[in-house]
Amino acid sequence: MISAATVYVMSPVDMVPEAFFLLFGLADDVIIVSWIAGALLSETDRYLMWENGGKAPVSGTILDGEVV
């Protein structure tokens with residue numbers, strides 16, 4: 001889904017074209033980019049929990065030389 005959303009944003013073909021509907025055309029891209037950012041953050045959190053054995057890392061914990 002993240003890849004498809006990225007392709008949609010980068011594609012010259014758009015559901016709401018910016019050339020005709022400037023604000024609405026940009027708004028759909030902003031919504032998709034916001035969703036991509038949230039999905040990436042969520043997946044990063046899931047990966048960190050998996051890497052930490054199912055436990056959420058405590059703030060200030062050092063994992064692989066980096067403070068989380």
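Tyr47 and Trp50 both lie in helix α2, 3 residues apart, which is about one turn of the helix; helices here are DSSP runs of H or I with at least four residues, strands are runs of E with at least two, and both are numbered from the N terminus. The model is a predicted one, in which local features need pLDDT of at least 70 and side-chain atom pairs count only at pLDDT 80 or more, while totals for chains, interfaces and linings use all residues. Residues are numbered from 1 along each chain as its sequence is written, and side-chain values use heavy atoms, with hydrogens and water left out.

A pair of aromatic rings is described by the distance of the centres and the angle of the planes. Rings of Phe, Tyr and Trp (for Trp, the six-membered ring) pair if their centres lie within 6.5 Å, and the pair is called stacked with planes under 30 degrees apart, edge-to-face over 60 and tilted for the rest. By this rule the count comes to 1 aromatic pair. The rings of Tyr47 and Trp50 have their centres 5.6 Å apart and their planes at 35°, so this pair is tilted. Tyr47 is partly exposed at 44% relative accessibility, whereas Trp50 is exposed at 65%; buried means under 20% relative accessible area, exposed over 50% and partly exposed in between, with a 1.4 Å probe and protein chains only.

Arg46 is exposed, with 54% relative accessibility, while Glu43 is partly exposed, with 38%.

Leaving out residues up to four places away in sequence, Asp29 touches Tyr8, Val9, Asp14 and Glu18, where contact means heavy atoms within 4.5 Å.

Ala5 belongs to helix α1 (residues 2-10) and is buried, with a relative accessible area of 11%. Ala5 and Asp29 are 24 residues apart in sequence, and their C-alpha atoms are 9.4 Å apart in space. Apart from neighbours within four places in sequence, Ala5 is in contact with Ile32, Trp35 and Ile36.

Phe20, Phe21 and Phe24 make a nonpolar surface patch of about 420 Å². Patches are made of residues with over 30% relative accessible area and no salt bridge, like charges being joined within 9 Å and nonpolar side chains (Val, Leu, Ile, Met, Phe, Trp, Tyr) within 5 Å. Of these residues, Phe24 lies in helix α2 and is exposed at 63% relative accessibility.

For the protein chain as a whole, the secondary structure comes to 2 helices and 2 strands, which run α-α-β-β from the N terminus on. Of its 68 residues, 13% count as buried. The chain exposes about 5500 Å², of which carbon and sulfur atoms supply 72%, with accessible areas taken from the Shrake-Rupley method with a 1.4 Å probe and, for residues, only the protein chains shown counting as cover.

Key:
Salt bridge = Lys/Arg side-chain N within 4 Å of Asp/Glu carboxyl O.
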